[in-house]
Amino acid sequence: MRDEVGQVERTQVRVTLGGTGASNVATGLSVLDHLLGLLARYGSLELALHVPPGGADAEVAAAGRALGEELRPLLHGDGVRGHGSATLPADEALAHVTLEASGRPLVAANVDLSDARVGGHGTDLVSTFLHELAEGAGITLHVRLIGGDDPQHVLEAIFKALGVAIAQACRPQLRKE
């Protein structure tokens, strides 16, 4: 996609650890913007993410990949834990997310929302986002839905737990004296 002066627009992302959880997200999909806002808030991350307009699939993939690439050095750096885990609710839904900065991108999930629709979009877009995030960040990501029926609540629980797990994984590793 080109802007008004013919320049190719690029996805822009910035993440700061240990912040207030403020976010400025524009992916082109309001549902994903909301979910990434939850990720930032629960992970205490300052998150700025802008994705140039395109089709929903391309926007979701670009957002996941860019965020993963921005998180990679924070998750794989010397002296950081490199792993995190959290279980969080959203109304009746309860999700558990565990991640490891393994260098072997993988998403293992028991959640299948491919037939559900949230905000007029197939929630399988979230699966695309998580796979691109794992690939970009070089993480193994396990997502377990413990319970929940409402697709919006399920997604909110997953993204809240993902935010906390990312924050844990980026914390300094405790060293034995």
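Predicted model: local features only at pLDDT ≥ 70, side-chain atom pairs only at ≥ 80, totals over all residues.
**Entry 1: a strand pair**

I started with strand 5 (residues 93-100) and strand 9 (residues 140-147), which pair in the antiparallel sense over 7 bridges. For the terms, I take helices (H or I, at least four residues) and strands (E, at least two) as DSSP runs numbered from the N terminus, and I call two strands paired if DSSP finds at least two bridges between them. Looking up His96, I found Arg144 of strand 9 as its bridge partner.

Residues are numbered from 1 along each chain as its sequence is written, and side-chain values use heavy atoms, with hydrogens and water left out.

**Entry 2: the sheet around that pair**

Which strand order does the open sheet of 4 strands have? I read 4-5-9-6, with mixed pairing. Strand 4 (83-90) and strand 6 (106-109) are the edge strands, each pairing on one side only. From one strand to the next, the twist averages 15 degrees; for angles, axes are lines fitted to C-alpha atoms (for helices over the stretch in contact), and values run from 0 to 180 degrees between N-to-C directions.

Next I checked the helices on this sheet. Helix 3 (residues 124-137) lies across strand 6 and strand 9 and runs at about 140 degrees to strand 6. Helix 4 (residues 151-170) packs on the sheet as well, touching strand 4, strand 5 and strand 9, and its direction makes about 150 degrees with that of strand 4. Contact here means heavy atoms within 4.5 Å.

**Entry 3: a closer look at helix 3**

I followed helix 3 from its first C-alpha to its last: its 14 residues reach 20 Å, close to the 20 Å expected at 1.5 Å a residue. That expected span is 1.5 Å times one less than the number of residues.

Which residues of helix 3 are buried? I noted Leu125, Val126, Phe129, Leu130, Leu133, Ala134, Gly136 and Ala137. My cut-offs are under 20% relative accessible area for buried, over 50% for exposed and partly exposed in between, with a 1.4 Å probe and protein chains only. Just after the helix, Gly138 takes a positive phi of about 70 degrees.

I then turned to an open sheet of 3 strands, in the order 1-3-2 and with mixed pairing. Its edge strands are strand 1 (12-16) and strand 2 (23-26), each pairing on one side only. Neighbouring strands of this sheet are turned by 10 degrees against each other on average, direction ignored.

Strand 1 and strand 3 pair in the antiparallel sense over 5 bridges, and I found Arg14 opposite Ala48 in strand 3. Helix 1 packs on this sheet, where it touches strand 2 and strand 3, and its direction makes about 155 degrees with that of strand 2. Helix 2 lies across strand 1 and strand 3, at about 40 degrees to strand 1.

I picked Leu162 for its partners: leaving aside residues up to four places away in sequence, Leu162 touches Leu39, Val97, Leu99, Leu130, Leu133 and Leu141.

**Entry 4: positive phi in two loops**

Ser44 has a positive phi of about 50 degrees although it is not a glycine. Ser44 is found in the loop between helix 1 and strand 3, and is partly exposed, with a relative accessible area of 33%.

Asp91, not a glycine either, has a positive phi of about 55 degrees. I located Asp91 in the loop between strand 4 and strand 5. Is Asp91 buried or exposed? Asp91 is exposed, with a relative accessible area of 62%.

**Entry 5: whole chain**

To finish, I noted 4 helices and 9 strands in the chain. Of its 177 residues, 45% count as buried.
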